[in-house]
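Hello,

Here is the structure I promised to pass on. Please open it first, then read my notes below.

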Amino acid sequence: MTTVANGVNVQALLDAREALKGAPEAAQFVWRASSKWQDGVHSTTRVKEFFGLGQEQEHKSEAVFDADHPEVFAAQDNGITPIEYLLIGLASCLTAGVASVAQNRGIQLRSVEAALEGKHDIRGILGVDSDVRNGFNDIKVTFTIDADASRQDIEALVAQSQKRSAVFDALTNPTDVTVEVA
Amino acid sequence: MLERGEVANSWRHERWDSFRLLTPNWQSRLPGHRYEGPDPDGYMTMAEVTAFIEGFAARSGAPVRTGADVTSVRRAGDGYQVTTGGGEFRCRSVVIASGACNVPVVPPFAGAVPGSVEQLTPFDYRGPAQLPDGGVLVVGASATGVQLAAELRRSGRPVTLSVGEHVRLPRTYRGRDVLWWMDASGVWDQRFDEIDDLTRARRLPSPQLIGTDERTTLDLNALTSMGVEPVGRLAAVRDGRALFSGGLRNVFSLADLKMERLLDTFDAWAREHGRDGEVGPPERFAPTRAPERARLQLDLRGGEIRTIVWATGFRPDYGWLDVPVVDEKGRLRHEGGVVDSPGLYALGLPVLRRRRSTFIHGIESDAREVIDHLATVTLAQRPGA
Ligand SMILES: Cc1cc2nc3c(=O)[nH]c(=O)nc-3n(C[C@H](O)[C@H](O)[C@H](O)COP(=O)(O)OP(=O)(O)OC[C@H]3O[C@@H](n4cnc5c(N)ncnc54)[C@H](O)[C@@H]3O)c2cc1C
């Protein structure tokens, strides 16, 4: 077997893939978050429980995220802007993918860094021009990877990580979103 | 041999008018039957493939009963009960050779396309003249999709091509047909039990190739040079709008990387086998050019798109098979053609026993091995035999 140590338990992932082939119900996860308005455009969102493998699960500890807007938006800047959270999700998802694929392909990683840039024309959210979309116009991710592999193999890692990324998919493909009042 | 239509039925009735094989003539090999015409490097037209298969049927004396539609196959005793329009059969063993591409696959959201847009599958499509004037959205960029997109663009229509994962190949490499390399280097000989991810190999889309006299490459760079506009994978149709994935660049780089790796394998094979002298120098191709800004949606009510062509693949139809050997995805469960029910066999499916099984010339060795199993295992077990 491989002597590569990227700290990813690939065997567990491969076993899960086999096990879930015959049990699509167990593969149904529900991720949850609950938020509370603080003041102004500042809100706090907490994440702890989720559902998966047929039962309620929880993280080891609760995570709390503050979102606000910067002072140039005349806000208090108690936390990062909501759309910046998308960059966090994308960066961490692709990075996890790079590590997993590298482990599976027997590639030892020494360092993996990514710089993300999301271009955003705020005339959309301000309603200045209805032809401008609200969300990102485009997102650029630049990986700098030091590993025991050729450039071609590293590019293949990055390509494969996008192919299997939950957040890449969620950002690039439309998703049905329902928002209602309880 | 029961055939619901005529000999070479799929070639006669399920292809468009300009259809040509993407495999070169010399590669159309059936047991004891090969292309003997003047142009071994050319590509057969529909009439030529039909004649080729008819020639084989005559030469082999295959006992074909045409017009015999099989409507049911059931397990009965230690064999099978076969029902056809023309009567019933009992047999010990059945070989399913009903093809891998009986029905065009159309995504469920086709139902949400506005009625003003005409929709065609490759089984309906004959040629550009049949379509209304105006824009066409071709969904799917494998062999069928790229060929139809090129033909429709040449007819003067604006063509948008929705591109998901695909297999990019140059038509020729180092002066030889790229499929010569697949054949000679042994890539196509890889056996099903040597392939890491067999499910994936069996679902691999067909390569972006077309058979023309000029042996031109029909990759996405060729198509964009013709004025075809690539967009991402069609992800949904919502409120009359087609929504495309923003992951176009990644499907481009996946295909470019895969092609490069394949060409590396060819180069290594030529070097190791002393073949460098018979072929041209190694080549590398420009990466697929991504549009500056690919469109993420298209208003299907606006009149820009008059027709959608679904080149989204084909699937087999086992509606007549009343034996529980079909998985939840509608695929036959088999091990190299030996189906999971005694005496039941399959031939003619993608990567059945080797990578070459997907193609016409894959049948010779597959048939020999599968029939060998039939003769030595199934028939040998016959009580009293
Ligand atoms: C668009 C397209 C392009 C292709 N291009 C190439 C190419 O360029 N080169 C190449 O090598 N391969 C090509 N292939 C693959 C090629 O078609 C197959 O390798 C080959 O046709 C397999 O032959 P077959 O006899 O197994 O299947 P088919 O040709 O599909 O024949 C199956 C037969 O079974 C009959 N049948 C089905 N169900 C029943 C039933 N219930 N009762 C009675 N009869 C039934 C059908 O009428 C049909 O005649 C292409 C395939 C497609 C779809």
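**The ligand site**

A polar side-chain atom of Asn9(B) sits 3.3 Å from a ligand oxygen atom. This is a predicted model, in which local features need pLDDT of at least 70, side-chain atom pairs count only at pLDDT 80 or more, and totals for chains, interfaces and linings use all residues. Residues are numbered from 1 along each chain as its sequence is written, chains are lettered from A and ligands numbered from 1 in the order in which they are written, and side-chain values use heavy atoms, with hydrogens and water left out.

Back to the ligand. Ser10(B) has a side-chain N or O atom 2.7 Å from an oxygen atom of the ligand. Thr23(B) places a side-chain N or O atom 2.7 Å from a nitrogen atom of the ligand. Taken alone, the ligand exposes 990 Å², and the protein buries 83% of that (Shrake-Rupley method, 1.4 Å probe; for residues, only the protein chains shown count as cover).

In total, 23 residues surround the ligand (a heavy atom within 4 Å of it). The closest are Glu3(B), Ser10(B), Leu22(B), Thr23(B) and Ile360(B). Helix 1 (residues 9-13) of chain B gives the most to this shell, with 3 residues. Helices (H or I, at least four residues) and strands (E, at least two) are DSSP runs, numbered from the N terminus.

**Arg29(B)**

Ile360(B) also touches Arg29(B), not counting residues up to four places away in sequence. Contact here means heavy atoms within 4.5 Å. Other partners of Arg29(B) include Arg34(B), Asp183(B), Arg356(B) and His361(B). With Asp183(B) there is a side-chain to side-chain polar contact of 3.2 Å (N or O atoms within 3.5 Å; within protein, one must be able to donate a hydrogen and the other to accept it, and residues adjacent in sequence count only if both atoms are side-chain atoms). Arg29(B) belongs to strand 1 (residues 29-30) of chain B.

**Domains and cores of chain B**

Chain B is assigned domain 1 (9-102 + 315-381) and domain 2 (105-190 + 202-314); the bounds come from an automatic or database domain assignment. Their C-alpha centres lie 27 Å apart. Across the boundary, 32 residues of domain 1 are in contact with 28 residues of domain 2.

The largest nonpolar core has 35 residues. Such a core is a set of buried Ala, Val, Leu, Ile, Met, Phe, Trp, Tyr and Cys residues joined through side-chain atoms within 4.5 Å. Buried means under 20% relative accessible area, exposed over 50%, partly exposed in between (1.4 Å probe, protein chains only). Among the members that touch the most others are Trp11(B), Tyr125(B) and Leu223(B). Helix 3 of chain B supplies the largest share, 5 residues. Both domains of chain B give residues to this core, so it lies between them.

Leu223(B) touches Val146(B), Ala149(B), Ala150(B), Leu161(B), Leu218(B) and Val228(B), leaving out residues up to four places away in sequence. A second, separate core holds 22 residues, including Val70(B) and Leu344(B).

**Two residues in chain A**

Where is Pro70(A) placed? It is in the loop between strand 4 (55-67) and helix 2 (82-104) of chain A. Pro70(A) is partly exposed, at 23% relative accessible area. Its C-alpha is 30 Å from that of His59(A), 11 residues apart along the chain.

Thr142(A) lies in strand 6 (residues 138-147) of chain A. Thr142(A) is partly exposed too, at 39%.

Best wishes
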